[in-house]
Every structure is written in C-alpha cells, then in structure tokens.
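This report goes through one model, from the pairing of its chains to the surfaces beside its DNA strands. Please keep the sequence and the 3D view at hand while reading.

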Number of protein chains: 2
Amino acid sequence: MQISSRFTLAVHILTCIDVFKDDYKVTSDFLAGSTNVNPVIVRKILGQLKAAGLVNVARGSGGASIPRPLNEISFLDIYHAVECIENGELFHFHENPNGDCPVGRNIHVVLDDKLMRVQKAMEAELSSITLEDIMRDTRKLI
Amino acid sequence: MQISSRFTLAVHILTCIDVFKDDYKVTSDFLAGSTNVNPVIVRKILGQLKAAGLVNVARGSGGASIPRPLNEISFLDIYHAVECIENGELFHFHENPNGDCPVGRNIHVVLDDKLMRVQKAMEAELSSITLEDIMRDTRKLI
DNA sequence: TATGGTTGTAATAAGTATAGTTACAACAAA
DNA sequence: TTTGTTGTAACTATACTTATTACAACCATA
C-alpha cells in the first residue's frame, strides 16, 4: 500500500500557510481552495498537525500559522503527525504464525531487526528534509 | 498505512520452502499450516512470486521450489513481487491541486525529487537483505 | 485411462482505511 | 449580536485486505 495522501497534503498545507502568511488569513476554506480537497479534510489534518505542535490554529477568528522555524520542521515530524501507523511499525505482520512450526515460531524474531533497519533508513531520509527546503524550492518557482 | 502483511508472508513462505525442501512436498496447504493463513492466500502470493521468477510451482503434482541461489533473492525483489504500488511510487499524491494557486501549481514538482530520495533510501536497504541472511538466522534458531 | 491430490481462479463476504459531504455547536472578534 | 471560523459527529462511497467456498484445469501414477 502507498503512504496516504494525507502526508503530501500536510506538506502542501504547511507550504501554503507560510507562502500566504503576510497577505491572507489562511483558513481551512482557503487551504481547501489550493489543495482541492474538502475543507473538513483540511481541518482534520490541521488538527493532527496542531496536536504535534507544528501549527497554531485560531478558533473563532480563524487562520493557521507555523510556530517554529521552518528548518526545525522535518518531513519525519509531519509524517509522524498525520500517518498513524500501528505501534509505529512500517511493516505489517501476519498474526498467529504456527508456533508448532520451526519457521513459524521464529519468523518474527528473524525479520524484526532487518525490517527495522529498512524503516530507520526511510525515517533518516525523511528527517533530512525540512520545510525550509520546500519553501526555498517553491519560492524559486513562483 | 502500513505495508501489507503480504510482504512478511512472502518471506515466511520462501523461508519454509527452503527449510523443508528435502523432507516434504511444500504445497499451499503445507504453507498455510505454517503461516496460519488461508491456502488460497498462499496460492495468490505464490502466483505473484512465480510471476517474478522467485519460485517454481508445480501444477497438478504440486509443490513449490526456489529456482535461484538464495543470495540472489533480495527483500526488494520480494517487495516488488507482492506489493503492487501504483506507478511504483511509495507516496500517494492528492489529485488535482489547484493550478491557479502558485503553491498548488508547483507542489508536485517541488516534492517529487525529495520523496524519490526517501523511496530510494528504503529500497536500497531492502535490496541489501537477501534470503540467505534469513536462512542463516533461521537455521541458527532452529 | 481413471484416480487423487494439487493448482489457479472466480465469486462472495467481512473488516478496515480513505476521502467526500452535510450539518451544527462552540468560539472569538468586531 | 452578528459574522465567519473551527472542531466534530454522522453518513456515504470507494477501495484494499484477508478469509472462505467452490470448482475447473492439471498431472503423476496406479
């Protein structure tokens, strides 16, 4: 399965918040306009980003902002905020392998460290990319 | 979303085929016994592995075998065989970002190379692990 | 050549995740 | 008090995973 579009959506949203922060009040409707997804979806993602401390959202008056320096928000932060993976594990195991079989009894132990290496490699790369990189490249293109 | 259990299941299946190759005819029913999943699921995965050239499956008489040296079958081979990801892309993009918005117009281009780096990091680690590693560790535990 | 065990596959179902949509109470500022 | 916004519940549609039943196609061998 692919990693859900919530992740790219979250990056899109954060980028918009920074690009338009001086000229617009960046509401969920505004963000829905740029991303072309439903405002309620935007609000859900904003809620997840808020819970992770990656955005401030103003109740009532409205508008979102980013409370941290952009180079301190990595893709890994965003990924963890919006992609709720069970036990934080990238790979899903089939339940209840047969304990009476020598392979079934040991497969989990044998695979665990190797799959963790794969996950760590991916996460290391995710943490090497920050919103600052995205803003630099985006501003270059605008 | 997590990567589906088809992947760990496929590794389990391949491990069984090699461990039991001298003592049993390794059929889908036999494999279903060790993995504790339905024989039809096993046959589907065997079909995908077969299409990728990672196993031979005998029609009629039954039984599966591995036609290649174990150190030439990597986790990446297995991953690609069973995990059918759209366009081979790990990250799913939200469709139709607003082309009239400077962010929506550029977000895909800005993210593409960075997400590809993440995917490549993961795939590089996957390709560094082979069935030979799994067999060595499994035999140690048996 | 008939048998029996096996594979390949279709059809169906339940469970779960994503994504869209409507509706509305809670909220804050003007 | 009005207005615009957020947070959230409820419902729907779609899609993927996994399980299961059923059966035709297949093939070694008795």
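## Basis of the model

This is a predicted model, in which local features need pLDDT of at least 70 and side-chain atom pairs count only at pLDDT 80 or more, while totals for chains, interfaces and linings use all residues. Residues are numbered from 1 along each chain as its sequence is written, and chains are lettered from A and ligands numbered from 1 in the order in which they are written.

## Symmetry of the two chains

Two copies of a chain are related by a rotation about an axis and a shift along it.

## The fold of chain A

Chain A has six helices and two strands, in the order α-α-α-β-β-α-α-α from the N terminus. These elements are DSSP runs numbered from the N terminus (helices: H or I, at least four residues; strands: E, at least two).

The radius of gyration of chain A is 19 Å, whereas a compact globule of 142 residues would have one near 14 Å. The value is taken over C-alpha atoms, and the globule rule is 2.2 Å times the number of residues to the power 0.38. Along the principal axes, the C-alpha atoms of chain A fill a box of roughly 65 × 30 × 25 Å.

## The interface between chains A and B

The contact takes 51 residues from chain A and 51 residues from chain B; two residues are in contact if their C-beta atoms, placed from the backbone, lie within 7 Å. On the chain A side, helix 1 (6-19), helix 2, helix 5 (102-127) and helix 6 (131-141) each supply at least two residues. Helix 5 of chain A gives the most, with 15 residues.

By class, this side of chain A has 28 nonpolar, 17 polar and six charged residues. Ala, Val, Leu, Ile, Met, Phe, Trp, Tyr, Cys and Pro count as nonpolar, Asp, Glu, Lys and Arg as charged, and the others, Gly among them, as polar.

## The surfaces near the DNA

A residue is near a strand if its C-beta atom, placed from the backbone, lies within 6 Å of it. DNA strand D is surrounded by 27 residues, and the closest are Gly62(A), Ser5(B), Val37(B), Val40(B) and Gly60(B). Helix 2 (28-35) and helix 3 (39-51) of chain A, with helix 3 (39-51) of chain B, each supply at least two residues there. Helix 3 of chain A gives the most to this surface, with six residues. The surface near DNA strand D has eight nonpolar, 12 polar and seven charged residues.

Around DNA strand C there are 28 residues, of which Ser5(A), Val40(A), Gly60(A), Ser28(B) and Gly62(B) come nearest. Helix 3 of chain B gives the most to the surface near DNA strand C, with six residues. That surface divides into eight nonpolar, 12 polar and eight charged residues.
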